[in-house]
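Please read them with the coordinates open.

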Amino acid sequence: MSSFSDIEFDVLDWKNEYVLSSYALEQTPLRFIPNLDDFSYVQVLWEFGDGTISSSLTAEKYWENPGSYVVNFTLYDCYSNAVISTEYKIINIVDYLTHTFTVDFDDPSYYDNISWKCGKISDPVTIRAYYPPTIPITSLFYRISGSNSDYYFDELTKFRHLDKTYSFHEKIYNNYLSSYQYQEIDRITTENTSVYAKISGNNLIGATEADNNSFFVGVSGIKDIHFKDDSINRINIDLFFDRSMEYLNNRNNTKISLSALIVNNNEVQDLSITSNGLDGEFYETDSFNIDGRKFSYVDIPFVVKIKDSENFSVKNFPLLLASDVNVLVLSGGGIVNSSYYELKDVGSYYGSARGKVKFKTNNVLHYVQLSANLSTTNDRGSSYSLSGITNYFDVYPRNYTSIEKKNENFDAQETFKSLRFQEFLLDKTVLFDDFMGSVFGTLSSSYDTLGKKIYEKIANFVENTQDVDRGEIFSLISQMKMTGVGNNVFESNLFTYPEKVKRIMDLGSISENKLIGYNNKFNENFDIKGFSSKEIFGTNLGNEINTKTYIISAGIPVVALEKFSNRYVLLNTKQPVEATGLSAYMLSGYNVNWGWPLVLPDTYQYSDLGKYYLFFEYQSGYENTLVDNTIVYDYTLYDNLSSKHVLRDEDGEPILTETSQPIFEEFDFNYISEMMNISLRDTLYQSLSLYHTA
């Protein structure tokens, strides 16, 4: 019998091998077995170093987190509970997947000599990483640093892409533009997939999720990134990729370093003109038509950039101002006189300039373009003459488009006139037109006219104050306060807008389907309601059918009118065909087996069908009017527009361009109809811009 004073214990792994280490996996536990010849009079206690214990004579344990753990074994006398012996061993637990990070290139020669051109997007730099289950990958990223500055900590301003800098990008596909784009990133987060393993014999091998007895062991991630450097005078750059510091405890903190030689790029071809300078790098993007509808008296920003033959920005040029660039405004191919717009400088950059153009005309201009040309010299003394032009856009006068709510299309003047029953008031045009019309407004008056305002508030009272789908913002706040949660959701001081802006915000808070409504797809409009014209009623009711002679074609429905109840029924003419196999049959041959929902007496004879019902052809089609909408579209504002607009001066004379051609545009009612389907976003932009300008 062995002496209790020097008791030891063995540690066996899942392969039954003597070890002092294992993986942090549930499937790879360690077993702890004391070396006892006689254990009839003893008790044991195992302490595993992570706060867990066991009193089993032979214990089994796995650790979820990697690290070094001290396992204490204590032997007690079971009668007096005296400590007979103690022993400890240090157990090392590691991740099955080591948290690793690598940087690879599609071209292996890049390892020896990385050479990137200024302004060009590099070939893919592939980032690969493995994450054990203990790593919270949702918060893990890789920081990019180098050349005495931390890219991650650079301030990302709105027009930072116009400055000289180096950056990293990822390639994404823009479904709206149907093309690829490079999107700048400040940190690398990998696209991750789960990794599985399984035990095969005495080996732990990789597996798929579908394999029998496979289990999750971590995550692998990959990301392709692209490098871009615009700093023309930089000779080379040293880049370092670091794991985020908050997850580096007890882990390898080795930086992965790259060195790149920067080669100047001077292939210059033309100018690009966009609204924000985001015209795409290599993959061209036309960003001047983000909103193809522009408005007079509103600043329209533009950015002129020097581009090379591959559509990359070139920045080894002096600082440019908009005044350094000759910018012209075209309309229909003619040059617009500069007195009808103004240009402003906004900012200067290397190889690009920012400016604004403001139109000062109350006419509609279609097919407008900005044209720019520039003569300049780069930092190597090479001279260039460059030019560029935008796509077409349209310019509309102030308040050309507007949104009206239901019951804002109210004519107070005509309403008052309709109520003047005394004869002596009938010819009082000054009272009703000049006085009351100017005070309360007419149909064409602005929505904020007193008459429209009062009528809208009364007519829409329930929707404005009690309907959560259409209620105004302050009404919604009141409803929330009634439920006791208002203070947690709204801060009233954040909604103190001027009245015109408040109206736009109230409209913007309504869900799209309640704001715009939906098209009425009702296709059983049969009742003519005593009207001879079917423009509104009975639009789906065709010509009357002779009950005795009409031949039904299977699949072409007919309409039945029940004489004694004046109820219309749409009949499925395929129903009897399914039973008889006929493609054409006589209406006079009707019988109850056809399955039509007709009510006839028991004594009914086939020849008497016309006594009880009238039959009509079916006129297919939808009404397509807006239903359940909050805003309405009013075309009456455009009835007084002439068929042709010519830009004229204060004396009414046509304004001639510098090419001696008048500017005009054909008035197209189809185009106006399209314009009246303007989205809420465009109208909000116009209204808020005009308010800000005012």
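1. **Ground rules.** This is a predicted model, in which local features need pLDDT of at least 70, side-chain atom pairs count only at pLDDT 80 or more, and totals for chains, interfaces and linings use all residues. Residues are numbered from 1 along each chain as its sequence is written, and side-chain values use heavy atoms, with hydrogens and water left out.

2. **Whole chain.** The protein chain has 12 helices and 43 strands. Helices (H or I, at least four residues) and strands (E, at least two) are DSSP runs, numbered from the N terminus. Of the 694 residues, 41% are buried. Buried means under 20% relative accessible area, with exposed over 50% and partly exposed in between (1.4 Å probe, protein chains only). The accessible surface is about 37700 Å², and carbon and sulfur atoms hold 49% of that surface. Those areas come from the Shrake-Rupley method with a 1.4 Å probe; for residues, only the protein chains shown count as cover. Take the contacts between residues at least 6 apart in sequence: 66% join residues at least 24 apart. Contact means heavy atoms within 4.5 Å.

3. **Strand 18.** How many residues of strand 18 are buried? The count is 12 of the 15 in residues 215–229. Two strands pair if DSSP finds at least two bridges between them. Strand 11 (125–131) runs antiparallel to strand 18, with 7 bridges; T126 has D224 as its bridge partner there. Strand 16 (191–200) is also antiparallel to strand 18, over 7 bridges, and A197 stands opposite F215. Strand 14 (166–174) joins strand 18 in the antiparallel sense through 4 bridges. Here F168 is partnered by F227.

4. Five strands form an open sheet with mixed pairing, in the order 2-8-7-4-5. Strand 2 (21–23) and strand 5 (53–54) are at the edges with a single partner strand each, so one side of each has no neighbour in the sheet. Further in, strand 4 (42–47) and strand 7 (67–77) are antiparallel, with 6 bridges. V44 has L75 as its bridge partner in strand 7.

5. **Nonpolar cores.** A nonpolar core is a set of buried Ala, Val, Leu, Ile, Met, Phe, Trp, Tyr and Cys residues joined through side-chain atoms within 4.5 Å. The largest has 30 residues; F302, I306, V329, V357 and F359 touch the most other members. Strands 21 (270–274), 23 (300–307), 25 (326–331), 28 (352–359), 29 (365–377), 30 (383–389) and 31 (393–396) each supply at least two of its residues. Strand 29 gives the most, with 5. Leaving aside neighbours within four places in sequence, F359 has contacts that include V329, Y340, L365, V368 and F393. Another core, of 21 residues, lies apart and includes V103, V125, V219 and I237.

6. **Pocket.** Both kinds of space are found on a 1 Å grid over the protein atoms alone: a cavity is a set of points where a 1.4 Å probe fits but cannot get out, a pocket is an open set with protein on both sides within 12 Å along at least five of seven lines, and lining residues have an atom within 4 Å of a point. Grid points are joined across faces, edges and corners, and a volume is the space filled by probe spheres set on the points. The largest pocket holds about 1200 Å³. It is lined by 49 residues, with H161, N276, G277, L278 and S287 closest to its centre. Strand 23 gives the most to this lining, 5 residues.

7. **Cavities.** The whole structure has 5 cavities of 30 Å³ or more. Helix 3 (450–459) and helix 7 (499–508) are the elements that give two or more residues. Helix 7 has the largest share, 5 residues.

8. **Helix 5.** Which residues of helix 5 (473–482) are buried? They are I473, S475, L476, I477 and Q479. These pack against helix 4 (461–465) and helix 7. After helix 5 comes G484, with a positive phi near 85 degrees.
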